[in-house]
Amino acid sequence: EQYAQDMIDAYKAAGIDPSRVWAQSFLSDDIFYWIDNEPQFGVQAVYLDERVDTLEGYTNATASLPDLAARGVKIMAPAFFALTKLDNDTGAIVPSEYAVAAKEAGLEVVTWSFERSGWLNEGGDYYYQYVSDAINNDGDMYTVLDILAQQVGTTHFFSDWPATVTYYTSCFGL
C-alpha cells in the first residue's frame with residue numbers, strides 16, 4: 001500500500017490533475033487501494049491483468065470481471081491475446097469470452113502489447129496464441145487490430161512500435 005500511496009503523492013506534489021493520470025498495476029490490491037483511498041485517481045486506475053497467462057487463470061479472470069466491476073474497477077488491460085479467439089464453426093477471429101464478459105460488465109478495455117510478437121507467417125508466438133491457426137502473414141495484424149478496435153471495443157493500445165496502431169487509427173478516425 002505504501003508504494004501505491006507514494007506514487008499518488010508524487011503526482012499530487014507535482015500538481016498533476018488526476019484526470020491526466022491512469023495509475024496502473026498488475027496487483028488488484030493496488031487498484032482497490034486507489035479506488036478506496038484516492039478515488040479521484042482510482043476512477044481511472046488500470047488493472048493490468050496478467051492472470052490470463054494460463055488457461056485456469058484465464059477462466060478465473062473472465063469469471064471475476066463482473067465482481068471487479070461491482071467493486072469499482074473501471075478499466076481492464078489484459079495482453080491482447082486474451083481478447084480474441086477462433087470461432088469453432090467458421091475459423092474466424094472473434095472476440096473472446098473475456099472480451100464479451102468485460103463488455104457485459106461495463107468495463108473499458110485497454111490492451112498490450114501490440115507489435116511485440118514473432119513473425120506472423122510463423123503464427124505470431126505469445127500474443128497470437130489463441131488465433132495462430134488463422135494467422136499466416138504480417139497483414140493479419142490489421143485483422144486482429146480491427147477486431148480489437150471494432151468488435152471488442154478496445155479503447156487504448158500499448159504498443160512497443162506504434163506505427164501499425166497509429167496508421168489504423170488515423171485511417172478510421174479513432
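A crossing of two helices is left-handed if the near helix is turned anticlockwise from the far one by less than a right angle, and right-handed if clockwise. Helices (H or I, at least four residues) and strands (E, at least two) are DSSP runs, numbered from the N terminus. This is a predicted model, in which local features need pLDDT of at least 70, side-chain atom pairs count only at pLDDT 80 or more, and totals for chains, interfaces and linings use all residues. Residues are numbered from 1 along each chain as its sequence is written, and side-chain values use heavy atoms, with hydrogens and water left out.

**Helix pairs**

- Axes are lines fitted to C-alpha atoms, for helices over the stretch in contact, and angles run from 0 to 180 degrees between N-to-C directions.
- Angles under 35 degrees count as roughly parallel, over 145 as roughly antiparallel, 65 to 115 as roughly perpendicular and the rest as oblique.
- Helix H4 (residues 55–71) packs against helix H5 (residues 97–104) at about 15°, and their axes are 8 Å apart; H4 and H5 are therefore roughly parallel.
- H4 and H5 cross in a left-handed sense. Their contact (heavy atoms within 4.5 Å) involves Tyr58, Ala61, Thr62 and Leu65 of H4 with Glu97, Tyr98, Ala101 and Ala102 of H5.
- Between H6 and H7 the angle is about 60° and the axes are 11 Å apart, so this pair is oblique.
- The crossing of H6 and H7 is right-handed. Residues of H6 that meet H7 include Met141, Tyr142 and Leu145.

- In H7 (residues 163–172), Thr164, Val165 and Tyr168 are buried (under 20% relative accessible area, with exposed over 50% and partly exposed in between; 1.4 Å probe, protein chains only).
- Ala163, Tyr167 and Ser170 are exposed on the face turned away from the buried side of H7.
- Strand S6 (108–114), helix H6 (140–152) and strand S7 (156–159) are among the elements covering the buried residues of H7.

**Backbone features**

- Most residues other than glycine have a negative phi, and most peptide bonds are trans.
- Trp112 and Ser113 are joined by a cis peptide bond with omega of about -15°, and Ser113 belongs to strand S6.
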